[in-house]
Amino acid sequence: MSAPVWITATPPTPNGDLHVGHIAGPYVAGDVLRRFLAADGVEARYTTGLDDHQSYVPVRGAKDGRTGEDVADGYGASIERTWHAAEVAFDRIVHPRRDADYPAFVQDFLRRLHGAGHLVARTRPLPYCTGCRRWLYEAYVSGKCPHCGAGSHGNACEPCGRPNDCGDLTDPHCETCGLPAELRDCTRLYFPLAPFADRLTAFWADVRMPPHLRVLCETMLADGLPEIAVSHPADWGVPVPVDGFTDQRAYVWCEMAPGYLYQSDRRGPGGGPATGPVQFFGFDNGYFHAVLFPALFMAYDAALPLPTAFVVNEFYQLDGQKFSTSRRHAVWAHDALAGAGSDALRHHVLADRPDGRQTSFTPADLERTIGHLRTGWDGWLHRLCAAVARDCDGRVPAERPAGPAWERLRAGLLRTVGELREAYGTAGFDPRRAVALLDDAVARTADFGHVHAHERDRPDGAAAHRAALTAQLAAAAALAAWAAPVMPAGAARLAALLGERPGRPVTAAALAAPEPGRRLDPPAGPVFGG
């Protein structure tokens with residue numbers, strides 16, 4: 001029995017609905033891995049949470065004339081509905097404001113770090129808005145990144161992925177009222193990363209991660225690992241459990257580290273998962289997952305298993321700009337799902353996944369994917385079922401596949417399943433490749449069907465025609481298993497149509513026709529096409 005695999009996806013911020021960029025990022029991809037492993041008999045647990053305490057939540061409330069609580073609750077419920085509609089199935093979703101013991105768990109984590117001397121007080125400049133009478137950090141402040149010069153909010157820069165200290169932003173101004181900010185000294189708790197440089201370097205040598213993220217880690221190391229603010233003077237979030245700082249709130253990204261442990265049901269040092277997680281996230285969250293969180297885990301418990309792999313997506317763009325919930329530059333996922341269905345949207349965002357480079361979404365491209373599934377995938381399946389109904393009394397033929405053409409098709413499909421297993425697996429995870437392989441398998445089988453349909457017109461070709469239909473039914477049965485991680489709803493419909501068990505493993509054994517004589521009822525509507 002394989003070791004259990006724990007998979008995580010970055011908790012989304014409930015300051016708006018999920019957009020298509022989110023779906024194209026960690027959530028569907030993590031679900032693909034979980035479904036593949038579970039079908040293989042591997043114990044796989046997929047977890048996430050809601051990032052209720054992000055400062056973007058009360059900022060959205062201030063702009064909309066609502067409380068932060070209303071924003072978090074309303075959009076949090078919408079996010080969960082969207083996951084469900086997209087067939088993204090989590091084993092656990094943490095709700096920081098609803099789970100009664102969550103705040104205490106985070107506070108215990110911070111208290112332990114402070115007690116061990118890993119958190120230190122520092123007095124440094126922090127932007128302040130005299131008009132709003134508020135300290136400015138993260139979503140409350142905007143300026144230019146001190147590292148790359150791009151426009152950035154406080155604490156981290158999305159374009160280059162590096163952290164800042166808010167006070168080092170160029171031209172900081174208040175995001176709420178737009179006034180220029182002034183710098184005032186503020187004493188906060190900080191977490192120095194430099195003492196963990198050697199251990200982080202060793203960790204980076206072991207963990208699987210893409211080159212772009214590795215370059216970020218090495219650049220930060222070469223420039224000297226910074227000290228990261230753990231607390232901010234604020235009234236939103238988990239109160240800091242350290243004397244002298246109880247009026248401050250935990251920086252939400254320092255809250256997320258114990259939040260991941262909370263997802264795993266870990267209860268303090270010495271217990272918890274036997275292996276570290278496979279973590280799915282966007283590149284803009286790369287520094288947190290590859291640098292900050294591992295260092296925090298090392299400080300908390302040196303024996304804690306660290307992540308085994310980082311699966312990172314780049315930005316998914318819309319009209320040449322990054323999808324953005326806070327700027328409302330988005331196509332909302334619930335709208336796309338309502339028009340396309342889960343199969344088409346999952347196929348599309350996985351085929352266009354921003355893996356290793358940025359890609360761009362357009363509604364017209366999604367429409368083409370819907371058409372591709374309806375004409376390519378469903379067109380073949382409907383022709384196949386119609387032929388079985390017309391020529392075989394609606395039952396699986398007794399004739400078994402045979403002949404050189406079948407052997408070539410079978411050999412190609414067996415090569416496909418080998419490559420699929422690699423594309424679905426943790427080590428070579430590549431859902432873009434998986435979708436391309438599935439499309440190719442459908443196209444090959446549909447071509448086989450078109451060619452052998454002419455057997456029906458030969459005086460002595462009835463048996464060969466029925467054998468060709470059986471060959472296509474074998475490919476359809478394989479597709480019901482092989483496509484399930486990508487398009488679970490359509491794969492389940494196809495499995496039911498063929499009388500197969502849903503959730504079968506992605507193996508060569510799935511390439512087998514249903515038993516002879518089994519009745520096949522033609523599909524009443526689309527199988528995969530929306």
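Which residues does Glu175 touch, not counting residues up to four places away in sequence? They are Lys63, Ala139, Tyr140, Val141, Ser142 and His153, where contact means heavy atoms within 4.5 Å. Before I continue, please note that this is a predicted model, in which local features need pLDDT of at least 70 and side-chain atom pairs count only at pLDDT 80 or more, while totals for chains, interfaces and linings use all residues. Residues are numbered from 1 along each chain as its sequence is written, and side-chain values use heavy atoms, with hydrogens and water left out.

Glu175 is found in the loop between E8 and strand E9 (182–192). Helices (H or I, at least four residues) and strands (E, at least two) are DSSP runs, numbered from the N terminus. With a relative accessible area of 24%, Glu175 is partly exposed. On that scale, buried means under 20% relative accessible area, exposed means over 50%, and partly exposed lies in between, using a 1.4 Å probe and protein chains only.

The side chains of Glu175 and Ser142 are joined by a polar contact of 2.4 Å. A polar contact is a pair of N or O atoms within 3.5 Å; within protein, one must be able to donate a hydrogen and the other to accept it, and residues adjacent in sequence count only if both atoms are side-chain atoms. Ser142 belongs to strand E6, residues 141–144, and is buried at 10% relative accessibility. Its side chain also makes a polar contact, of 3.2 Å, with the side chain of His153. Setting aside residues up to four places away in sequence, the residues that Ser142 touches include Asp171, Pro172 and His173.

Most residues other than glycine have a negative phi. Cys166, although not a glycine, has a positive phi of about 70 degrees. Cys166 sits in the loop between strand E7 (151–153) and strand E8 (170–174), and is buried, with a relative accessible area of 0%. Asp393 is also not a glycine and has a positive phi, of about 55 degrees. Its place is in the loop between H10 and H11. Is Asp393 buried or exposed? Asp393 is exposed, with a relative accessible area of 56%.

Helix H2 itself spans residues 56–64, and its buried residues are Tyr56, Val57, Pro58, Val59, Arg60 and Gly61. Helix H3 (68–85) and E7 are among the elements that cover them.

One further loop deserves a mention. Asp301 is found between helix H8 (286–300) and strand E14 (309–313), and counts as buried at 12% relative accessibility. A polar atom of the Asp301 side chain lies 3.0 Å from the backbone nitrogen of Ala303.

Now to helix packing. The axes of helix H9 (residues 333–351) and helix H10 (residues 363–391) are 9 Å apart, at an angle of about 70 degrees. Axes are lines fitted to C-alpha atoms, for helices over the stretch in contact, and angles run from 0 to 180 degrees between N-to-C directions. H9 and H10 are therefore roughly perpendicular to each other; angles of 65 to 115 degrees count as such, under 35 as roughly parallel, over 145 as roughly antiparallel, and the rest as oblique.

The second pair is helix H11 (residues 404–424) with helix H12 (residues 431–452), whose axes come within 9 Å and cross at roughly 170 degrees. H11 and H12 are therefore roughly antiparallel to each other. Among the residues that meet in this pair are Trp406, Leu409 and Leu413 of H11, with Leu437, Leu438 and Phe448 of H12. The residues of the contact divide into 13 nonpolar, four polar and four charged. Here Ala, Val, Leu, Ile, Met, Phe, Trp, Tyr, Cys and Pro count as nonpolar, Asp, Glu, Lys and Arg as charged, and the others, Gly among them, as polar.

Finally, Leu511 lies in the segment after helix H14 (488–498). Leu511 is buried, with a relative accessible area of 13%. Beyond residues up to four places away in sequence, the residues touched by Leu511 include Arg410, Leu413 and Trp482.

Thank you for your attention.
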